[in-house]
Amino acid sequence: MAGSNHNPASSFSTGVTLSRNLNLFTITMIGIGGMIGAGIFVLTGIAAGVAGPALILAFAFNGIITSFTAMSYAELGSAYPEAGGSYVWVKRGLGGTQGFLAGWMSWSAAASAGALYALGFGRFASELWLIADLPTLGLTVSQMTLIFMTLIILAFTFINSLGASETGMIGNVVTMAKIVILGLFVLFGLLVMLRSDGWQQSISSDFMPNGFIAVFAAMGVTFIAFEGYEIIVQSGEEVIDPKRNVPRAIFLSIAVAVSIYLLVSIVAFGATSPPEGLKVYEYLGLQKEVAIVETARQTFPLGIGAIVLLFSGLVSTMSALNATTYSSSRVSFAMGRDHNLPHLLSKVHPKRLTPYWAVIFSGAFMLLISWLLPIEDVAAAAGILFLLLFLQVNVVVMRLRLKMPDLERGFRVPFFPLIPILGIVINALLAIYLFTFSPLAWYVAIAWIVVGLLAYYTYFSRIEEIEKPKEILLEEVLVSRQYSVLIPVATREQARILGHIGSILARANEGEVLALHVVRVPYQLTLGDGRTRLKHGRPYLETVIEQAKEMDVPVHTMIRLGRKVDDAVRKTAVENASDLILLGWPGFTNTAGRLYGSVIDPIVDDPPCDIAVVRYREHRPIRSIFVPVSGGPNSRRVVRIAVNMASLSEEGPALVNLMHIVPLGAGTREHVRTNQIFDYALEGIDYPHITRNIVEGTSVLDTILENAENCECDLIVIGSTDEPLFRNLLFGNIADQVANRAKVTVIVVKRRQSAFHSFLRQTVLEPSTNPNNKR
């Protein structure tokens with residue numbers, strides 16, 4: 001039955017799933033089938049004319065470069081084995097717009113690749129028809145090519161509608177056949193080269209005739225041939241044991257495909273004899289998509305080379321077309337399931353369990369592309385879209401590694417984050433260099449992206465919003481205020497403590513309290529299943545309301561569904577433009593490797609607004625507040641929060657003790673600088689009960705704790721240590737240890753990050769860890 005194989009990792013699933021019946025051999029063949037098609041038979045001649053014998057180098061570089069991105073695909077494919085592949089990951093890691101764009105590019109690039117393979121099939125079939133001297137009925141070669149192209153697209157659209165196992169079985173046979181034929185091509189080519197004295201000259205002479213830039217252009221043109229692992233991950237929802245088999249299939253298929261590409265390109269340059277006056281690469285460039293056929297004509301015995309290679313070309317393009325039809329239909333199926341394309345595409349055949357409407361729609365799309373664009377521009381446009389997609393995936397693997405570090409992965413990218421960063425840079429450079437080969441392809445790619453974004457913003461985003469399960473179960477707003485303190489609560493005690501502190505801060509800023517309870521919904525359930533737990537969150541919100549009433553502060557309450565609590569908190573803060581998030585920390589965490597816990601750490605690593613973490617001790621009236629001031633950008637926020645707490649203390653205005661630590665024996669200059677730090681921190685603050693203290697000390701931590709105890713403070717407010725850009729510290733060791741060792745309540749304050757630092761936090765920088773909390 002459809003839906004019996006529900007994937008627990010999917011946060012977008014609506015119960016429509018596919019059957020798992022593809023083994024390691026089958027998905028490896030699907031990947032090889034997607035890689036050995038256009039690059040060998042259709043693009044070798046075109047790329048040879050661009051780069052010359054350095055095409056060998058281009059293929060080798062492509063094999064290395066594609067491995068960087070393939071590692072990201074292996075990690076994400078093993079963690080999220082779902083139909084849609086990169087579309088699902090980007091949507092989960094970067095949000096709806098980027099996710100739609102990834103799916104849009106993946107679907108159109110796979111369809112463009114399929115159109116390329118169908119055009120190649122049409123040309124090879126026409127050549128065989130002419131060799132067989134069959135009647136042409138007055139048709140030209142171009143017309144015959146279009147007819148054969150249309151027939152093969154229709155044929156594989158039908159085959160893919162039958163089922164994954166049938167598609168995989170046919171793909172296995174076709175892929176094995178072309179590997180055997182290409183093996184014979186390499187064997188006979190090497191024999192010709194061994195009998196020839198000048199084959200080395202054909203390769204080494206004028207090795208890079210158009211410079212290294214031409215090598216980059218050839219890499220961009222042929223890069224489409226190395227996207228077979230994109231097809232593998234599209235099959236994740238139908239793979240047996242995907243955590244193990246998806247990464248293995250990716251690396252096996254790349255190893256086989258790159259080896260074949262290198263051998264075939266060496267034979268093409270070493271065994272081909274061009275007409276007089278032409279160099280080998282010039283002759284291959286003129287032959288374009290039938291260049292390899294010409295090499296076979298010269299190398300195979302008995303003059304059967306052209307027929308054998310044309311037949312192999314037919315087999316190879318059929319295999320690649322089969323793979324890309326499968327891929328494009330799976331991503332359009334996933335997008336239809338999420339209402340990012342017409343929902344009709346998510347329909348699964350009741351008997352065959354195949355997304356038959358997605359298959360039909362993708363086949364029709366391939367026909368449209370293949371009739372409208374020339375073969376070179378089809379390849380280049382698809383290559384650009386794949387490169388942009390790969391760039392997104394490399395960003396996402398970094399984002400999700402930091403956002404979901406505890407997720408079970410069947411493979412992890414080594415040397416993180418260096419490998420994904422290299423993938424981003426190289427994919428971007430290749431995409432740029434493709435403009436030198438085909439400006440039209442870039443124009444087509446840009447136009448297609450613009451069309452997709454217009455469709456998303458004007459229609460699909462609204463439909464998606466209407467159809468998706470509602471995350472907010474309960475929302476009550478009495479009065480809306482400009483300043484908002486967001487208080488996530490999970491227990492009544494936490495609601496009482498944070499509700500009191502948050503109400504003081506909201507009252508001091510003439511603002512409101514936004515009380516939030518997040519109902520965490522496991523991945524095994526749909527979001528709708530979480531509605532049954534609505535009643536559990538009401539008591540926590542009522543406790544916050546009680547605390548807010550004492551301070552005469554309006555309360556905005558919300559109960560929200562979410563897969564991850566930190567994501568729900570962040571989303572609420574952004575949607576409601578919260579000014580401060582107030583978080584409660586008991587002083588310990590049960591999560592290994594975390595500093596403050598699995599909920600707080602991701603929020604404070606990259607805060608959407610200012611945050612304050614409360615390490616609560618026993619309740620005591622606030623008469624004195626101790627504030628260590630370091631002079632960093634957090635100083636003003638720290639002092640302002642301390643003054644807010646002091647001015648509305650239940651015991652009347654409390655004393656605020658500012659302290660700055662200077663080295664032992666500090667001179668006049670240091671004291672002047674310290675007073676400047678105090679002046680900066682107090683700018684705009686009018687509160688009479690503030691003292692300034694300059695204290696000499698060697699240990700910052702010990703000095704803070706000693707002076708806090710000496711002044712008999714009831715509360716410590718401390719700012720986060722300004723961290724160097726690439727250091728993996730949360731608040732710095734000082735604030736962390738003060739919160740742990742102080743005998744009174746501590747509030748640690750951190751300001752919102754800059755946009756650039758936020759991007760680095762989400763992608764490159766390691767998540768915060770506690771070296772003393774490893775298991």
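In the predicted model, buried residues account for 59% of the 775 residues of the protein. The secondary structure consists of 28 helices and eleven strands. Of the contacts between residues at least 6 apart in sequence, 82% join residues at least 24 apart.

The nonpolar residues were examined next. In soluble globular proteins, nonpolar side chains tend to be buried together. The largest nonpolar core of this model has 149 residues. Within this core, the residues with the most contacts are Tyr-73, Trp-89, Phe-185, Ile-250 and Phe-269. Helix α6, which spans residues 96-131, gives the most to the core, with 18 residues.

When neighbours within four places in sequence are left aside, Trp-89 is in contact with Tyr-73, Leu-76, Gly-77, Tyr-80, Val-233, Val-393, Val-396 and Leu-400. Helix α5 covers residues 86-94, and because eight of its nine residues are buried, the helix is largely enclosed by the rest of the structure. Just after α5, Gly-95 takes a positive phi of about 100°.

The side chain of Asn-160 has two polar contacts to describe. It reaches the backbone oxygen of Phe-156 at 2.9 Å. A polar atom of the Asn-160 side chain also lies 3.5 Å from the backbone nitrogen of Tyr-326.

The aromatic rings form 20 pairs. In one of them, Tyr-459 and Phe-460 are arranged edge-to-face, with 5.1 Å from centre to centre and 75° between the planes. The accessibility of the two partners was also computed. Tyr-459 is partly exposed, at 46% relative accessibility, whereas Phe-460 is buried, at 9%. Both belong to one aromatic cluster, together with Phe-100, Trp-104, Trp-107, Phe-361, Phe-365, Trp-448, Tyr-456 and Tyr-457.

Charged groups also lie over aromatic rings. The charged end of Arg-636 sits over the ring of Tyr-680, at 4.0 Å from the ring centre. Arg-615 lies over the face of Trp-585, with a distance of 6.0 Å to the ring centre.

The search of the whole structure for disulfides finds zero. Cys-713 illustrates this result. The cysteine sulfur closest to that of Cys-713 belongs to Cys-711 and is 4.5 Å away; a disulfide requires the sulfur atoms to be within 2.5 Å, so this distance is too far for a bond. Cys-713 is buried, with a relative accessible area of 3%. Cys-609 also counts as buried, at 5% relative accessibility.

Note on methods
Residues are numbered from 1 along each chain as its sequence is written. This is a predicted model: local features need pLDDT of at least 70, side-chain atom pairs count only at pLDDT 80 or more; totals for chains, interfaces and linings use all residues. Side-chain values use heavy atoms; hydrogens and water are left out. Buried means under 20% relative accessible area, exposed over 50%, partly exposed in between (1.4 Å probe, protein chains only). Helices (H or I, at least four residues) and strands (E, at least two) are DSSP runs, numbered from the N terminus. A nonpolar core is a set of buried Ala, Val, Leu, Ile, Met, Phe, Trp, Tyr and Cys residues joined through side-chain atoms within 4.5 Å. Contact means heavy atoms within 4.5 Å. A polar contact is a pair of N or O atoms within 3.5 Å; within protein, one must be able to donate a hydrogen and the other to accept it, and residues adjacent in sequence count only if both atoms are side-chain atoms. Rings of Phe, Tyr and Trp (its six-membered ring) pair if their centres lie within 6.5 Å; planes under 30 degrees apart count as stacked, over 60 as edge-to-face and the rest as tilted. A charge sits over a ring if NZ of Lys or CZ of Arg is within 6 Å of the ring centre and within 35 degrees of the ring normal.
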